[in-house]
Amino acid sequence: MMRIIPMKVLALLLLAPLLVACGGSDSGTIRVETAFYPFAYVAEQVGGADVEVDSLTSPGVEPHDLELRPKQVGAVQTADLVVYQRHFQAAVDDAVDQAGRKPGTTIDVAKLVDARDPHTWLDPATMVALTAAVRDRLVELDPDHAATYRANADKLTAALMTLDHDLRAGLAHCERDTIVTSHEAFGHLAKRYGLTQVPIAGVDPSAEPSPAQLASISRLVEKQHVTTIFTEELVSPAIADAIARETGAHTATLDPIEGLSDDTSDQTYLTLMRQNLEAIRKANACS
Ligand SMILES: [Zn+2]
């Protein structure tokens, strides 16, 4: 008995450095830095448990005009992979430029799709393209987990294609095709599903409309019998409320999915897109 205990102790002593080394390999976990929520969602879904994903834009913060803390600029430099979209957040563009990142360790979503309207993620086809790009980069960076990344990407792609099909079918037969939106965020969605977007604010929600523009929106709402003025979670609904009062329309939420808020923290890109589909179907009397 006296000999067995020291053996066990010895075994533990020998194993201890190995255990520490395994624990320490967390620093070898692939770390993905993303610009804002929809890109983080794709990285999380494709990366699964093998990848650590961070978003530069905090929940509840509207991502236009994001400013970065020095620590975040450092994170853009040290991350294994960065997913962002050029010409959407100048601070992120600058951080990527300063980081001097190795080729193949940065994904610019603007290079995957036509990004004249920056809200690319509201077209599920963009998210499919991003899913493939994230998968390919992760497979390169971490070949040991290639099978997992491929399986995760296949699963997300299937869900996005089902979403696309349901949006197309759900918006095919409607009494109206106009959506009056809080800011000009739905260009890609409108183009893909045959809608006409009438935005209250510009591409950037802080670009407020003039009184003449507001009057013109109100006239259009009345002429086209628009039932609903769409508001969003992260932008003040004051102007949308005023137009609704003036025209007798009501307001409903159409989420540009630029980030999650306290109210949507339990939602995902997929569930929010389905809520958007139902909101448009109701507003435009789709059958
Ligand atoms: Zn926006």
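Biologist: What should I keep in mind about the model, and how are residues numbered?
Modeller: The model is predicted, so local features need pLDDT of at least 70 and side-chain atom pairs count only at pLDDT 80 or more, while totals for chains, interfaces and linings use all residues. Residues are numbered from 1 along each chain as its sequence is written, and side-chain values use heavy atoms, with hydrogens and water left out.

Biologist: How much area do domain 1 and domain 2 bury between them?
Modeller: About 2,700 Å² is buried between domain 1 and domain 2, 61% of it on carbon and sulfur atoms; buried area is the accessible area (1.4 Å probe) that two parts lose on being put together, summed over both. On the side of domain 1, Tyr 37, Leu 122 and Leu 167 lose the most area to domain 2, together 26% of what that side buries.

Biologist: Which residues are linked in a network of salt bridges?
Modeller: The network links Asp 123, Asp 164 and Arg 192. The closest N and O atoms are 3.3 Å apart for Asp 123 with Arg 192 and 2.9 Å apart for Asp 164 with Arg 192. Asp 164 lies in helix H6 and Arg 192 in helix H7, so this pair ties together parts that are 28 residues apart in sequence; helices here are DSSP runs (H or I, at least four residues), numbered from the N terminus.

Biologist: Is Asp 164 buried or exposed?
Modeller: Asp 164 counts as buried because its relative accessibility is 15%, whereas Arg 192 is partly exposed at 26%; the cut-offs are under 20% relative accessible area for buried, over 50% for exposed and in between for partly exposed (1.4 Å probe, protein chains only).

Biologist: Changing topic, where is His 183 found?
Modeller: His 183 is in the loop between strand S5 (178–181) and helix H7 (187–193), strands being DSSP runs (E) of at least two residues. His 183 counts as buried, at 0% relative accessibility.

Technical notes:
Salt bridge = Lys/Arg side-chain N within 4 Å of Asp/Glu carboxyl O.
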